[in-house]
Amino acid sequence: MSAGESDARHLLAAVPNWELDRVVEGLRNARARWRESQRRKREFGGREFPSRAALTEIIEGLCGALFPMRLGPPDLRQESEDFYVGHTLDAALNALLVQVRLELFYVARHEQTGPAEIELRAVSIVRDFASALPKVRELLDTDVLAAYQGDPAARSVDEVLLCYPGIIAIIHHRLAHVLYGLDVPLLARIVAEIAHSATGIDIHPGAQIGPGFFIDHGTGVVIGETAVIGTRVRVYQAVTLGAKRFPAGEDGSLQKGLPRHPVVEDDVVIYAGATILGRITIGAGSVIGGNVWLTRSVPPQSNVTQASLHQQAGTGQ
């Protein structure tokens, strides 16, 4: 054995010194500075926040309950649908109740809300969520049909439901939007981000989207919190419905919740790469061409392309 090999084995056998005392102290100081800046005197023990992993499993169960013969178990038979749906919903809703409690307790840290009141509210929220599921299914049926009718490559509605990322995204959005409306925005946002991670489609749960919505291809689509989308709207990949500016308050912080995203009326088509910014209105029946940058409202039945925008800019319109 050479001298170099002997030295290497000696180094490998030695216990590394990571100087953990110094690292732990540095992390403690960083946490202390953060808590002081956020006015958090103490952190509560146990899992304080909702679980992304748990919500992923809950949404998977809800998808199966919504579409049992397509997204349920492979051996399911139609005569057993109701039993499967009931059993699956019972498990998913009880699991959702745990996550709702976590968000409500998290919010209540700074309020004078007792555990009994939180429990009653959590049960009410989950009950209202369950009641909304038939309407969610009806909306999703219009979305699936719009995707099938809007894509000549689609061979069946089953293919659309099983394969299309736009449908995965809109299923998550319809569920997240219900949670958002029931005032559990953290849960809603986690559900939206699960779809975002899986599909590359980023829809804020606050966005209002009418029936018959179709996202073709999908990757890179961004739809902001206060966007309002009408009936039978179709968008393609890399479309952004975003904000143009972010008003600040007197203290310099951004003002939350103000309407700042586009209103897209019925029967609008927005082609790939279009960017539409601000609280503007895209009139019913309009077509927005690919890679258009639009920051002004357009009337119904407009046909907006890069060429038409350049022409208007050249004439001062």
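Helices α3 and α5 run roughly antiparallel to each other (an angle over 145 degrees). Their axes come within 9 Å and cross at roughly 155 degrees. The model is predicted: local features need pLDDT of at least 70, side-chain atom pairs count only at pLDDT 80 or more, and totals for chains, interfaces and linings use all residues. Residues are numbered from 1 along each chain as its sequence is written, and side-chain values use heavy atoms, without hydrogens and water.

**Helix packing**
- Contact means heavy atoms within 4.5 Å.
- On the α3 side, the contact residues include Ala-54, Leu-55 and Ile-58.
- On the α5 side, they include Tyr-84, Val-85 and Thr-88.
- The residues of this contact divide into 11 nonpolar, four polar and no charged.

**Aromatic pairs**
- Rings of Phe, Tyr and Trp (its six-membered ring) pair if their centres lie within 6.5 Å; planes under 30 degrees apart are stacked, over 60 edge-to-face, and the rest tilted.
- The count comes to two aromatic pairs.
- Phe-49 and Tyr-106 form a tilted pair, 5.1 Å centre to centre, with 55 degrees between the planes.
- Phe-49 lies in the loop between α2 (20-37) and α3 (52-66) and Tyr-106 in helix α5 (residues 81-108), so the pair ties together parts 57 residues apart in sequence.
- Tyr-236 and Tyr-271 form a stacked pair, 5.0 Å centre to centre, with 20 degrees between the planes.

**Accessibility**
- Buried means under 20% relative accessible area, exposed over 50%, and partly exposed in between (1.4 Å probe, protein chains only).
- Tyr-236 is buried at 14%, whereas Tyr-271 is partly exposed at 34%.

Methods: Helices (H or I, at least four residues) and strands (E, at least two) are DSSP runs, numbered from the N terminus. Axes are lines fitted to C-alpha atoms, for helices over the stretch in contact, and angles run from 0 to 180 degrees between N-to-C directions. Angles under 35 degrees count as roughly parallel, over 145 as roughly antiparallel, 65 to 115 as roughly perpendicular and the rest as oblique. Ala, Val, Leu, Ile, Met, Phe, Trp, Tyr, Cys and Pro count as nonpolar, Asp, Glu, Lys and Arg as charged, and the others, Gly among them, as polar.
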